[in-house]
Amino acid sequence: MAPVIPEFEGLYIGGRWVPPAGGDRIVQISPLTEQPLGVAPAASNADMDLAVAAARKAFDEGPWPRMSVEERIAVLKRVRDLYAERAAGIAELITAEMGCPSSIAGLLQVGYPVQVIDYYVELCRSWEFEEKRGHSIVRQVPVGVVAAIVPWNTPHSTFTVKLAPALLSGCTVVAKPSPETALDGLVLAEIFAEAGVPEGVLNVVPAGAESGEYLVGHPGVDMVTFTGSTAAGSRVGSICGSAIRRFSLELGGKSAAVILDDADIPSVMQGLRFASFLNSGQVCTNQTRILAPKHRYTEVVEALCEMVSTMTVGDPADPATEVGPLVSQRQRDRVERYIAIGEQEGAKIAAGGGRPSSQPTGWFIEPTVFCDVDNSMTIAQDEIFGPVVAVVAYDDDDHAVEIANDSRYGLGGGVWTADVERGIDLARRIRTGQVSINGADNEVVAPFGGFKQSGLGRESGPEGLLGYLETQSVFCPD
Ligand code: NAD
């Protein structure tokens with residue numbers, strides 16, 4: 001059955017659906033059919049002014065920051081229940097918008113938001129927002145008006161890991177979805193509205209990069225929480241830095257899968273099916289540099305080629321599909337450009353490398369394996385953000401660590417081994433925000449973020465709540 005594509009005439013500002021000031025529209029294109037999928041209102045700078053003013057008023061005058069935590073929790077719990085009721089339809093919508101295979105959308109796109117809200121609701125129940133230290137009261141107070149900007153690859157998971165801690169701590173938010181997933185952003189607004197979030201507390205304004213940048217620089221914004229590319233994050237950070245505005249950045253990655261010499265290759269391949277190719281390669285932590293011991297290099301390359309040859313590429317709504325189309329023509333152009341650069345620089349395509357002949361329409365790329373890759377090559381250094389992996393040989397464990405750390409990024413990584421303790425020891429030497437052993441999943445209780453150019457700050461866990469809190473000391477007479 002075709003997914004229901006929602007229709008929206010207005011942006012969600014100040015608790016109302018407001019037609020965009022300039023009448024601008026975003027036409028979303030289906031990555032599968034290359035035809036228009038739906039139309040969403042697009043925010044201009046004037047709309048950003050309205051949204052920030054609404055969030056400002058809700059923070060400065062409204063009840064939200066002064067409500068008890070329990071009252072805010074009650075609203076978020078209603079959001080969670082309404083979200084869970086609509087989750088199946090939302091997963092179908094996100095699949096239609098950006099091509100996420102439906103086989104994983106249930107967890108990756110709509111399962112995680114529910115887990116995130118549950119986690120922060122429980123955390124905030126017992127969180128000490130005030131404590132007595134010496135003769136002082138040390139308070140944790142909301143940072144204020146937050147601008148939340150996210151990309152299209154996991155739109156609701158990325159939004160909720162910002163919205164739940166920000167709203168529970170008493171902040172108000174202007175949320176800017178990506179144009180590619182504007183419609184699901186407005187669905188999120190609908191759910192918050194139905195849950196009874198007071199007017200102005202959450203505003204949802206889909207827009208492109210230009211209005212996004214205007215929002216980042218808006219003097220009414222106290223903090224920017226940004227997820228996206230390192231290039232855009234650098235711009236966001238410099239704007240915020242010059243205004244001394246708080247900010248957090250969740251950026252790109254080029255994570256290494258270190259396959260140790262004791263690893264069982266068939267089980268590693270089962271793991272890399274997800275860890276390297278999740279969401280058709282469009283996940284920031286995907287392990288796209290495969291580090292193989294020199295004496296097992298050929299075995300690893302052959303196993304990878306065999307594995308990708310069994311991956312089902314096709315309509316993302318088909319539950320059998322493992323690799324769907326990329327989000328946009330622009331994204332496929334980018335991936336094809338990197339594949340060409342890989343060949344020019346002397347790497348060899350061991351599998352894939354082209355458009356699948358079975359898919360004449362849609363922005364598909366075959367799952368691709370590059371071998372004979374030196375870690376200094378562009379395809380081993382740049383984030384490609386598609387179903388493309390590069391296999392690099394190493395001599396011993398020290399050399400593997402050196403290569404894994406030879407990156408301007410520091411987001412994720414994996415160690416694959418028969419000996420978990422040995423894997424944990426090696427993980428301790430990798431300079432990235434998270435490392436998984438044998439494909440273990442990330443979880444909301446643990447902080448998530450990047451070293452080096454992969455970001456600043458942490459989301460998830462208690463660290464994710466602290467990002468939305470300022471501390472204030474009140475010195476009291478004895
Ligand atoms: P992008 O940086 O082009 O866009 C991300 C969002 O920022 C979009 O909403 C976009 O409209 C907005 N934007 C772009 N330029 C802006 C600017 N100058 N000022 C304000 N807003 C701006 O990224 P993309 O290509 O849409 O997304 C893919 C990138 O996101 C990859 O690099 C991926 O690694 C990264 N990502 C990181 C994480 C993480 O948690 N670290 C999670 C998901 C995606």
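Which domains does the domain assignment of the chain give? The assignment, automatic or taken from a database, gives domain 1 (11-251 + 454-475) and domain 2 (255-443). This is a predicted model, in which local features need pLDDT of at least 70 and side-chain atom pairs count only at pLDDT 80 or more, while totals for chains, interfaces and linings use all residues. Residues are numbered from 1 along each chain as its sequence is written, and side-chain values use heavy atoms, with hydrogens and water left out.

**View 1. The shell around the ligand.** The ligand is surrounded by 28 residues, each with a heavy atom within 4 Å of it. Val150, Glu213, Ser229, Leu251 and Glu383 are the closest. By class, the shell holds 15 nonpolar, eight polar and five charged residues, with Gly counted as polar. Domain 1 and domain 2 each supply at least three residues of this shell.

View 2. Polar contacts are pairs of N or O atoms within 3.5 Å. Glu383 places a polar side-chain atom 2.5 Å from an oxygen atom of the ligand. For Trp152, a polar side-chain atom lies 2.9 Å from a ligand oxygen, and for Gly228 a polar backbone atom is 3.4 Å from one. The ligand taken alone exposes 840 Å², of which the protein buries 90% (Shrake-Rupley method, 1.4 Å probe).

**View 3. The interface between the domains.** The centres of domain 1 and domain 2, taken over C-alpha atoms, are 30 Å apart. In contact (heavy atoms within 4.5 Å) are 24 residues of domain 1 and 32 residues of domain 2. The two domains bury about 2200 Å² between them, 58% of it on carbon and sulfur atoms; buried area is the accessible area (1.4 Å probe) lost on putting two parts together, summed over both. Leu32, Trp152 and Ser454 lose the most area on the domain 1 side, together 25% of what that side buries.

Notes: Polar contact = N/O pair within 3.5 Å; in protein donor to acceptor, adjacent residues only side chain to side chain.
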